Amino acid sequence: MSYYGSADYRYNDDLALRMRDIKKGNLDLGWLKAGTESRKFAAENKKRGLTYMDLNQGSYGYDDLPELNRKTDVWAYKVASFTEEAMSRQWDATTDVPWNDLDKYERSDEIEIAFAQLCTFFTEVELIATDLPAKWLWRMNNQFSEVKHFIATQAMDEARHAEVFRKRALAGGVGLMEALPQTEHSLKAILDGDTYSEASAFMHLLAEGNVLTMFRFSEFISPTPVDKRIFQLVMQDEARHVSYGMQHLKWIMDHAPEQKEQLHRALDEGENVTINQFDAALTECMIVLAGKGTRPEQIQEGIKIVGNMQAKQITEYFHRLERAGFAERIPRSKFTPMMADLGIGQGVKAAL
């Protein structure tokens, strides 16, 4: 144990006397006059119910929260709305996916194997995405309840994502495929952030942002309507996580601009390990799925489609930086020269 209590409270005479007094009915009742602020709260919109926004009054409201151990370190614009949305849009990986319909749709062995490889990658990613909010949740001041509750919903979301992708890999009859070592190294770097804001920038803006683009792309190349439904469900969660990350970064830019260089360095490292995340198995399985097979003409079609998706990942990342008030990051990014070297940087240049 990290804490050892040296006192044996079984032999505390004062405690024993007080417990006996209470049992005799000798109550203190001092807590009846605690002196805390008394307010009555009600739902502004009866159909919507009582929300965090309705509770944003007086000393209980988040607008008047002091910095404490730095509100800036965790806060984000619209965080109360994100929390309410997260709670109202929870779904079930067991019952909300039409698993029984999977066998209705024919698909070749190579397509099913490629999809299982993609699901294996997403399972790896989402397990780390579950661990990160859990790592920081307990460190946040309990006064920041809206943020703590949002982070808790994110951990639930990501655990459900890992569940649904693992189930899909197994339900198709292939099973889990190759774990990608580069992916594991990149994901570890997310957990190693020195501050929550550094970890959030890497996780929400870069990693989850890239995954959100991949979710949209994967819905497009999904081999069955069952798979499309999976990506529709996970996308609604991932979009919310990314939006929180952008609003957290924007809050920092507005309230603690002195942290800019620290976040630059975190994203320097994040971009570097993201580039190193490249793995032939992941790229090739997406090419096979996009081209719908392994014939030469199908592979060529898949290469073109996947190349467009990779360029879109970068343009959307830059767009998120702009919306968060961190456009100064774009010229410093490691992605632009890399994409140009690979011959798929035209879309990035157009976005700038």
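Reader: How many of the 31 residues of α7 are buried?

Author: A residue is called buried when its relative accessible area is under 20%, exposed when over 50%, and partly exposed in between, using a 1.4 Å probe and protein chains only. In α7, 22 of the 31 residues are buried, so this helix is largely enclosed by the rest of the structure. Please note that this is a predicted model, in which local features need pLDDT of at least 70 and side-chain atom pairs count only at pLDDT 80 or more, while totals for chains, interfaces and linings use all residues. Residues are numbered from 1 along each chain as its sequence is written, and side-chain values use heavy atoms, with hydrogens and water left out.

Reader: What is the secondary structure of the protein chain?

Author: Helices (H or I, at least four residues) and strands (E, at least two) are DSSP runs, numbered from the N terminus. The protein chain has 12 helices and 0 strands. Its C-alpha atoms fill a box of roughly 85 × 50 × 50 Å along the principal axes. Of its 352 residues, 47% are buried.

Reader: Which span should α7 have, and how far apart are its end C-alpha atoms?

Author: The expected span of a helix is 1.5 Å times one less than its number of residues. For α7 (residues 225-255) that gives 45 Å, and the end C-alpha atoms are 45 Å apart, so the two agree. At the start of α7, a side-chain oxygen of T224 comes to within 3.2 Å of the backbone nitrogen of V226.

Reader: Which residues of α9 are buried, and against what do they pack?

Author: The buried residues of α9 are A281, L282, T283, C285, M286, I287, V288, L289, A290 and G291. They amount to 10 of the 12 residues, so α9 is largely enclosed by the rest of the structure. Contact means heavy atoms within 4.5 Å, and the buried residues of α9 pack against α3, α6 and α10.

Reader: Which residues does A114 touch?

Author: Leaving aside residues up to four places away in sequence, A114 touches C285, V288 and L289. A114 belongs to helix α3 (residues 109-137) and is buried, at 7% relative accessible area.

Reader: Which side chains make a polar contact with the side chain of D157?

Author: A polar contact is a pair of N or O atoms within 3.5 Å; within protein, one must be able to donate a hydrogen and the other to accept it, and residues adjacent in sequence count only if both atoms are side-chain atoms. The side chain of D157 makes such a contact of 2.8 Å with that of R160, and another of 2.8 Å with that of H241. D157 lies in helix α4 (residues 145-171) and is buried, with a relative accessible area of 0%. Not counting residues up to four places away in sequence, D157 touches Q90, D237, R240 and H241.

Reader: What volume does the largest pocket have, and which residues lie nearest its centre?

Author: On a 1 Å grid over the protein atoms alone, a pocket is an open set of points where a 1.4 Å probe fits, with protein on both sides within 12 Å along at least five of seven lines; lining residues have an atom within 4 Å of a point. The largest pocket has a volume of about 700 Å³. Its lining holds 35 residues, and T274, I275, F278, Q310 and Q313 lie nearest the centre.

Reader: Where does T274 lie, and is T274 buried or exposed?

Author: T274 lies in helix α8 and is buried, with a relative accessible area of 17%. The T274 side chain reaches the backbone oxygen of G270 at 2.7 Å.

Conventions: Points joined across faces, edges and corners; volume = space filled by probe spheres on them.
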